[in-house]
Structure formats: structure tokens, C-alpha cells
Amino acid sequence: MNYVDLHVHSNASDGTLSPSEVVSYAVSKQLKAIALTDHDTTRGIPEARRAAADSPLELIPGIELSCFYADTEIHILGLYIDDACPALKEGLNHLVQIRKMRNETMLSRFQEDGFDITLEDLRHGNPDTVITRAHFARVLTEKGYIPSMDKAFTKYLQYGGRYCNRKEVVTPAQSMELLRQAGAFPCLAHPMQYHLGYSQIETLVSQLKDMGLKGLEIYHSSQNPYQSSRLKEIAKKFSLLPSGGSDFHGANKPDFDMGTGRGGLRISYALLKDIKTAHFEKNLQSKKF
């Protein structure tokens, strides 16, 4: 059977492999297709596209946008995004500036309190990377301030704490509109990570559906079979297509391997085929009018 991974990160955001290395690794894993979905950036897509051109791998250009639902940060995946879209580029530049301002504040607070952390440490040799909390967690761990990245998140990097002020709020409506303009297939990522009850997830999904949501990430490394089963019911209730992926980040999430996630996660190509059919048939129909 052919397998896919529709949620993968490179060092264009907070993964540790370059986009071309991500492609090579996917080929070595004998995956049929992957979606490169870096946080708030499409910078890695051209390199990944070039690397995949002479390979059997089907590369899906994607993105993972962060926004706030009430006081909860949620993530929305955009598959088949047009990374050349002018409106998308403008919107992403704004998001990069929001992250840059927060990162500068976070870095200065760590330095004020005696932490030997520099901007160069966070960039890790990639000046174009979109710096996230994972970059801070990696540096804190590498420099011995904390024993693990998980501990770094719980001790230093919780939202609203001394070292992690909240970013300017981006709403789900703004994110969904950006994805719409870029012609993407929007999908709510890893619903169980938001610590909402199933009824609250349904409320969130219902609101996003009204904004144009088309998919729900039913299969993810952080979700067990029971949770995936419940999410499948929600997807069916709201006529959303199921999606799934490992959320691969390389060494930054060593227990999330590409294609298999944590444990035995496997995503059939049939799932992607349904997404492609729905997405591209819709686009063809819209062009007829």
C-alpha cells in the first residue's frame, strides 16, 4: 500500500532538516507523497520542489498557520497552497514581523536573566528560518539550562509567562481568508492538542466550517486510536475530509518519525486522493463560471 504524510516540517521553520533533506528522507521512507507545512512560511517550498522534481515523491506545497481561538492557540494547515500568491506573501510578511517582535522580547528577557543565548544560536546556521518556541527550547537544552525540550516548554516557554509573551492576536477568520486567497485546502491540525472537550471541538469545527474549513486532522502522532475515532465522527458530522500526518520535526521531535509518527501511524494514499479530488474538482468548477 502507498503511504503519505501530510504534516511535515523543515528548518524553514522549526524542523531540523533542510527542505531538500526532508524530501530525501521521505524518499528513503518510500512514501508516495508528503506535504511540507512549515509554520507561517512557504520559504522551504521552492527548495523542496526542486529536490522532489527528479524523484518519485509527490510534493504537496503547504503551510501551518497559527491563530487564536478565544485564549487558545490553534493551527490550521493549508494544503496545495499557491506559494506565489501576492496576498499570501503580504500576509506572511506581517506574521513574520509579529513573530520577530515577540522573539526579540523573549530573547532580551532571557539575556537579562543571565541566559547565554544569542540570535545566532536560535537561527542555528539558517538566517531565513522562522524562529518559534521550539528554537528556544532547543538552545536551552543544548546549553544545559534544562534537561529536555519538553521541560523547556513547561518551565520557560508557556504562553503568558515571563519568557513567552503572547504574540499579537491573529484570528481564525484572518488565517482562513489568507488560505482562501492562496487557493489552499484548509484543515484543522491536531485538535486534541488544544485541550478542549469533544463538544468544544465541535463548536470550534462548526465555526471554522462556516469560514471555509474543508478537512480535519484525524490521524496525528499525539492522538490515540480512540481519539481518532471520535474525531472521525466529528469530521463526518460536519462533512469534512479526514487528513493525517506525523508532524515530523526531525531531531526537535525525535519520537515523531516521518510517515509513522509515534508508534505505527500510517496514512493511506487513498485519503490524499479524496482530498485531491474534492479540492481540484472544486477549483475546476469555479473556473467555469
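Of the 289 residues of the protein, 52% count as buried. The model is a predicted one. Its secondary structure amounts to 10 helices and eight strands. The radius of gyration is 18 Å, close to the 19 Å given by the globule rule for 289 residues, so the protein is as compact as a globular protein of that length. Along the principal axes, the C-alpha atoms occupy a box of roughly 60 × 45 × 40 Å.

When contacts between residues at least 6 apart in sequence are considered, 73% of them join residues at least 24 apart. The protein exposes about 13,400 Å², of which carbon and sulfur atoms supply 50%.

Helix H1 spans residues 19-28, and its buried residues are Pro19, Val22, Val23 and Ala26. Viewed down the axis of H1, these buried residues fall within an arc of 100 degrees, so they line one face of the helix. Their cover includes strand S1 (3-8), strand S2 (33-36) and helix H2 (45-53). Just after H1, Gln30 adopts a positive phi of about 60 degrees.

Ser24 also belongs to helix H1. Ser24 is 33 residues from Leu57 in sequence, while their C-alpha atoms are 9.1 Å apart in space.

Arg102 is placed in helix H3, which covers residues 86-112. With a relative accessible area of 3%, Arg102 is buried, since that class takes values under 20%. Glu168 lies 66 residues from Arg102 along the chain, and the C-alpha atoms of the two residues are separated by 8.5 Å.

The two residue pairs are set out below.

| Residue pair | Separation in sequence | C-alpha to C-alpha distance |
|---|---|---|
| Ser24 and Leu57 | 33 residues | 9.1 Å |
| Arg102 and Glu168 | 66 residues | 8.5 Å |

In helix H3, Arg102 is buried.

Notes
Residues numbered from 1 in each chain as written. Predicted model: local features only at pLDDT ≥ 70, side-chain atom pairs only at ≥ 80, totals over all residues. Heavy atoms only, no water. Buried < 20%, exposed > 50% of the residue type's maximum accessible area, 1.4 Å probe, protein only. Helix = DSSP H or I, 4+ residues; strand = E, 2+ residues; numbered from the N terminus. Arc of directions from axis to C-beta. Contact = heavy atoms within 4.5 Å. Rg over C-alpha atoms; globule rule 2.2 N^0.38 Å. Areas by Shrake-Rupley, 256 points an atom, 1.4 Å probe, with all protein chains shown as cover.
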